[in-house]
Amino acid sequence: MKCGILGIPMQTGTQTPGCVMGPDAFRCAGLADHLAQLGHGVQDFGNVTPAHWPERSHSNPALHRLTETCAWIDAISRAATPVFEQTDCPIFLGGDHALSAGTVAAAAGYAAQKRQPQFVLWLDAHPDLHRLDTTVSGNLHGTPLAYLMGEPGFDGFFPDLDHTIDPAHVALFGIRSVDPAERSLIGDRDLAAFDMRSIDEHGIARPLRSFLDRVAQANGRLHVSFDVDFLEPAIACAVGTTVPGGATFREAHLVMEMLFESGLVTSLDMVELNPFLDDRGKTARLMVDFCGSLFGRRILDRPTLNI
Ligand SMILES: [Mn+2]
């Protein structure tokens, strides 16, 4: 498989600085070598730089760096499209989670070109389902999934979407911090949302397998959006939005191994890595390790890793 790497050093979607260093940290942790050792071709497309975007004021005074974030999203979707066209699986290195508004928009456009439905697997502590008028924190990394599903209120602010994501094609795993507006949207749109309580009770494998079966039956393309805060903070400290009680080392590897075995993954985001908060690169290396599992490494085939 030929993998394409695109760095997206944006942090305007959060108020905790540090994500700007994310792409470099993933590269320093040896992502490209890791993929090459697994037999994949790797092309690094460098980093995205934001375009110009017209300034607009919004009635929600909490919104943080709206214009700059829109400029990033516009630039990301443009830069991501050739990576879809020229490789088998783009890997987008963040950067905060608002970048998925651009990467998934590009994925959806490419899927439409291929006449396949686009599915999205959201691995995250948060559902990122705020609209511009419901976010209280004002941090736009809490909004991309609502935008991508075509929820109202983004028109005239975020870039226009040619193809939205059908809520029936979305699954969220690992959520454990949900605001009331997001909770009602999950119910209204009947989203497949597996919170940590349900994963504790029933495990992660069965609901993931049933989602992957749905993707396969629909001949769909699958974008995986992996937020560092999906993981238990004890194993992954380098993220500005830690929430206790996340996915364990083994649960996350199981997800990655099942995704590889499915053969369905067509693009990946790794987002919210904040190297400024990391402990000697541990979280960056751990994320690269998970990426390795997603691209075919089997955990039993390698020596113990010190994390
Ligand atoms: Mn997120």
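Predicted model: local features only at pLDDT ≥ 70, side-chain atom pairs only at ≥ 80, totals over all residues.

Aspartate 124 and aspartate 128 are both buried, where buried means under 20% relative accessible area, exposed means over 50%, and partly exposed lies in between, with a 1.4 Å probe and protein chains only.

Now to the sheet. Helices (H or I, at least four residues) and strands (E, at least two) are DSSP runs numbered from the N terminus, and two strands pair if DSSP finds at least two bridges between them. On that basis, 8 strands form an open sheet in the order E2-E1-E3-E8-E7-E4-E5-E6, with parallel pairing. Strand E2 (41-47) and E6 stand at the edges with a single partner strand each, so one side of each is left without a neighbour in the sheet. From one strand to the next, the twist averages 15°; axes are lines fitted to C-alpha atoms, for helices over the stretch in contact, and angles run from 0 to 180 degrees between N-to-C directions.

Looking at individual strands, E4 and E5 pair in the parallel sense over 4 bridges, and valine 120 stands opposite valine 170 in E5. E5 is in turn joined to E6 by 4 bridges, again running parallel, with phenylalanine 173 partnered by phenylalanine 194 in E6. As for cover, 6 of the 6 residues of E5 are buried.

Which strands does H8 lie across? It lies across E4, E5, E6 and E7, and runs at about 160° to E4. Helix H8 (residues 205-217) has 13 residues and reaches 18 Å from its first C-alpha to its last, close to the 18 Å expected at 1.5 Å a residue, the expected span being 1.5 Å times one less than the number of residues. Its buried residues are Pro207, Leu208, Phe211, Leu212 and Val215. Seen down the axis of H8, these fall within an arc of 135°, so they line one face of the helix; the arc is that of the directions from the helix axis to the C-beta atoms. The face turned away from that buried side carries the exposed residues Arg206 and Gln217. Among the elements covering the buried residues of H8 are strand E7 (221-227) and helix H9 (249-262), contact meaning heavy atoms within 4.5 Å. After H8 comes asparagine 219, with a positive phi near 55°.

Finally, helix H4 (residues 100-113) has 14 residues and reaches 19 Å, close to the 20 Å expected. H4 is mostly covered, with 11 of its 14 residues buried, including Val104 and Tyr110. Just after H4, arginine 115 takes a positive phi of about 55°.

Technical notes:
Residues numbered from 1 in each chain as written. Heavy atoms only, no water.
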